[in-house]
Amino acid sequence: MNSRLPQMTYAAVIAGVFAFPALAQAQITEYQQDQWLHTAAITSHVGNVTGDGSGAEERYRRYCQVCHGKMGDGNGESAQWFEPPLYPKPRDFTLGVFKCRSTPTGTLPTDEDLYNTIGRGMDRSNMPPWNTFSEQTRADLVAWIKHYSPRWQTEKAGPPIEIPAEPEVTAERVKAGQEVYSRVQCWKCHGVTGNANGPSASTLTDDPGHPILPYNFHEGRPKCGNSDTELYKIFMTGLDGTPMPSFSDNIKPDEAWDLVFFLRTLQSYPSKAKEIAEQLHLKPLNPDGSLPK
Amino acid sequence: MRMWAQSLLCRKVRLVPSFGAALALVFLILASSQPAHAIPAFARKYGLRCSACHESWPMLNFFGQKFKDNGYQLMNDRDSPIWQNPSYWPATMRMTPIWHRVSTNRNQVDVYTGDTVTGTTEAKITSSGFDLSGLDFHTAGTLEKNFSFYLLPSSDPTGAFHFESVFARVDNIGNNPWLNVKFGKFELDNLLSEKRILTLTANGGIYQLYHFIPAGDNNIFGQIGDNQLGAEWMGHSANDRTRISAALLSSNDGSVLLPYGSESYSAFFAASQAFDFGKLGVSRFGGYAMVGEAPTQWLTNGGSGAPIPGSGTGNKGYHREGFVGQIYFGEHADVTVVTQHGWDSAWFGQGYGDFVDNPTATCANSTGFPAPCNNLPGTSLAPGSRAPTWNGVLVEPHYVVNPQWILLTRYETIRMSQQSTPGTPSDLGNVTTYTLGTRINPFMNNRAGFAYHAEYNWFHQDGTSPVTGSNLTSSELLFGFDFDF
């Protein structure tokens with residue numbers, strides 16, 4: 001036993017030698033933030049507006065810090081009371097991973113993506129739509145948010161995905177969308193009727209390991225927007241940090257539009273696709289996810 | 001940047017003890033019991049800091065205004081109380097221990113103290129001491145998604161309670177933000193909310209413009225700063241940049257049990273539009289109008305001439321209207337401007353109106369002999385009686401040093417443009433008042449509010465001293481610990 005002690009000590013020291021730099025790299029310090037903030041990169045560009053991170057600290061403190069934390073790590077004073085899955089934990093900006101993007105999975109979002117998220121809020125979370133802010137304030141906050149993660153120093157935002165023009169919704173497209181919903185197994189999480197009760201629903205966790213609920217198409221709005229284009233983006237870019245993957249490798253753009261139209265039939269809102277589904281007497285998928293006969 | 005923020009923090013830390021020392025040296029004050037709205041219960045519900053909704057509590061910022069306009073909802077599909085822990089209780093209490101020094105230059109006093117024969121004269125009275133504000137016990141929030149309520153029992157400093165505000169509201173009818181209906185007793189849709197005023201002194205803790213009544217006038221029904229009983233429709237755009245509202249009100253100044261007119265109503269309208277001025281921020285411009293009728297004629301009982309509450313007829317008209325601007329100059333500075341033009345029927349100008357509360361008052365009429373202020377059949381006004389009119393303006397600049405510290409000042413002036421009785425000095429009743437103040441919030445969290453409050457108000461009114469009709473001047477210095485939880 002005693003003879004092994006020096007070996008264990010050496011192993012611990014070696015592990016520490018490697019672990020400390022790794023930890024230090026992961027640990028964002030205020031000093032680093034200040035350094036980054038003073039680089040030219042910590043600006044944002046949304047339309048004609050240039051956001052300046054250095055002008056947003058007090059606004060961040062006033063509006064955002066209580067959830068996202070002073071260090072942007074999602075550990076604000078309120079975060080402890082958010083109990084997933086009903087109340088998702090605040091975003092950890094230090095990771096540079098964001099759900100709502102127009103860019104491919106794994107890439108950084110564009111400034112406009114972040115800008116839109118601030119204005120739209122996140123439904124079914126404590127993130128309200130901050131759409132009373134001026135454009136400048138939102139752009140400044142985008143720049144401030146970016147300064148929390150070193151990813152913005154070394155990476156550029158991904159290129160926005162190409163979204164073909166939206167086709168006309170037809171009965172064939174609605175039915176084709178249901179086929180896509182079955183084939184790529186959306187139902188496993190979202191359920192065959194879109195009620196978020198698929199066989200995998202109860203097992204889902206986000207990247208930090210918190211339980212997470214799939215979207216229930218019968219309640220509320222999708223987190224990243226409810227327009228047809230935004231729905232399209234959600235499954236073609238995925239919601240990074242969550243179990244919702246990008247399906248850009250699995251479905252073609254035209255099929256993605258079909259899926260958008262089918263998803264409209266699941267929602268409680270009136271839509272043309274829903275009218276068509278009612279005219280078709282479209283049946284839900286079978287319990288095993290297969291298409292109805 | 002960070003160093004700058006830290007230095008601010010240090011400055012704040014040094015300020016707090018110096019303020020405490022000032023408190024010890026100078027004492028603390030109180031203010032009037034003007035109920036004010038700041039609801040940590042909302043912050044607790046949503047996990048947001050007070051500063052998210054308040055420029056400096058209780059004054060709302062535009063986000064807070066939108067939250068209010070949405071029926072105390074963030075619109076995140078978690079607004080219904082079913083999403084809250086069952087133990088959550090949306091209640092908030094606010095009270096302010098104060099020290100104040102009040103000085104009024106002309107008070108009516110006996111010429112010789114205790115001697116009732118030699119008559120009265122005027123004397124300056126100055127008093128100071130520790131005191132309390134009234135208590136506001138707010139409970140408000142959502143009953144269900146798109147159904148909200150507000151209940152505010154409020155007391156004066158002695159603990160005598162009344163219902164300051166009670167209403168239920170149906171929000172976003174048909175998922176349409178332009179359809180919101182409120183019913184009950186509520187604050188009028190004043191862009192510059194007196195219920196969220198940042199000041200606490202007796203004269204500085206209200207907006208004079210919202211309560212002005214010309215000298216000799218007895219129309220209490222047009223006070224747009226008082227909560228009123230009625231129903232309100234309100235609509236707004238999704239981002240609240242455009243707001244519009246109309247309310248139908250009983251002309252009773254918010255008093256319950258229908259004490260005045262048998263059928264007297266008023267209406268209040270407000271509309272505004274906010275614009276994004278880039279780096280200057282979002283500024284809002286709008287207007288308001290209150291148009292109404294109130295009684296001048298009363299049934300009496302028992303030959304005493306005492307009016308019967310609720311029997312008032314003989315409605316006469318009045319209106320007030322003006323513009324409002326909330327203008328921001330970047331992150332730290334803003335100014336609010338409110339104007340008002342007021343008009344009362346000549347009947348009110350001659351003292352008719354609130355006869356119920358002043359049954360022994362007498363008014364001039366065409367006979368030349370003063371008579372009870374009851375517009376009985378056959379009564380006509382004294383020759384030459386005119387409708388009193390006035391104009392006023394309120395300017396309130398703020399400097400937000402940081403989210404925890406605000407400096408403010410206010411200038412208000414009201415000038416009579418026409419007196420009701422010919423020959424009356426043209427400046428009789430004119431008001432001028434200045435207020436200076438600061439509020440420092442030593443902490444900023446999502447549970448409670450606390451502010452070190454310091455304020456000075458100077459008030460001047462022409463020709464209204466009680467004996468000689470000289471100019472009346474008063475001042476008040478106030479320090480307080482303003483808290484709510």
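**Close-up views of a predicted two-chain model**

**View 1. Helix 10 of chain A and helix 11 of chain A are roughly perpendicular to each other, a class that covers angles of 65 to 115 degrees, whereas those under 35 count as roughly parallel, those over 145 as roughly antiparallel and the rest as oblique.** This is a predicted model, in which local features need pLDDT of at least 70 and side-chain atom pairs count only at pLDDT 80 or more, while totals for chains, interfaces and linings use all residues. Residues are numbered from 1 along each chain as its sequence is written, and chains are lettered from A and ligands numbered from 1 in the order in which they are written. Helix 10 (residues 253-266) of chain A packs against helix 11 (residues 272-280) of chain A at an angle of about 75°, with their axes 7 Å apart; axes are lines fitted to C-alpha atoms, for helices over the stretch in contact, and angles run from 0 to 180 degrees between N-to-C directions. Helices (H or I, at least four residues) and strands (E, at least two) are DSSP runs, numbered from the N terminus.

**View 2. The contact between these two helices is made by Phe261(A), Arg264(A) and Thr265(A) of helix 10 of chain A, together with Ala273(A), Lys274(A) and Ala277(A) of helix 11 of chain A.** Two residues are in contact if their C-beta atoms, placed from the backbone, lie within 7 Å.

**View 3. Helix 3 of chain A is largely enclosed by the rest of the structure, because nine of its 12 residues are buried.** A residue is buried if 20 or more other C-beta atoms lie within 10 Å of its own, exposed if 12 or fewer, and partly exposed in between, with C-beta atoms placed from the backbone. Among the buried residues of helix 3 of chain A are Glu57(A), Tyr63(A) and His68(A). Just after helix 3 of chain A, Gly69(A) takes a positive phi of about 85°.

**View 4. The contact between the chains takes 31 residues from chain A and 31 residues from chain B.** On the side of chain A that touches chain B, helix 2 (30-37), helix 3 (57-68) and helix 5 (135-146) of chain A each supply at least two residues, and helix 3 of chain A gives the most, with seven residues.

**View 5. Chain B has five helices and 24 strands.** Its C-alpha trace spans about 75 × 60 × 45 Å along the principal axes of chain B, and buried residues make up 49% of its 485 residues.
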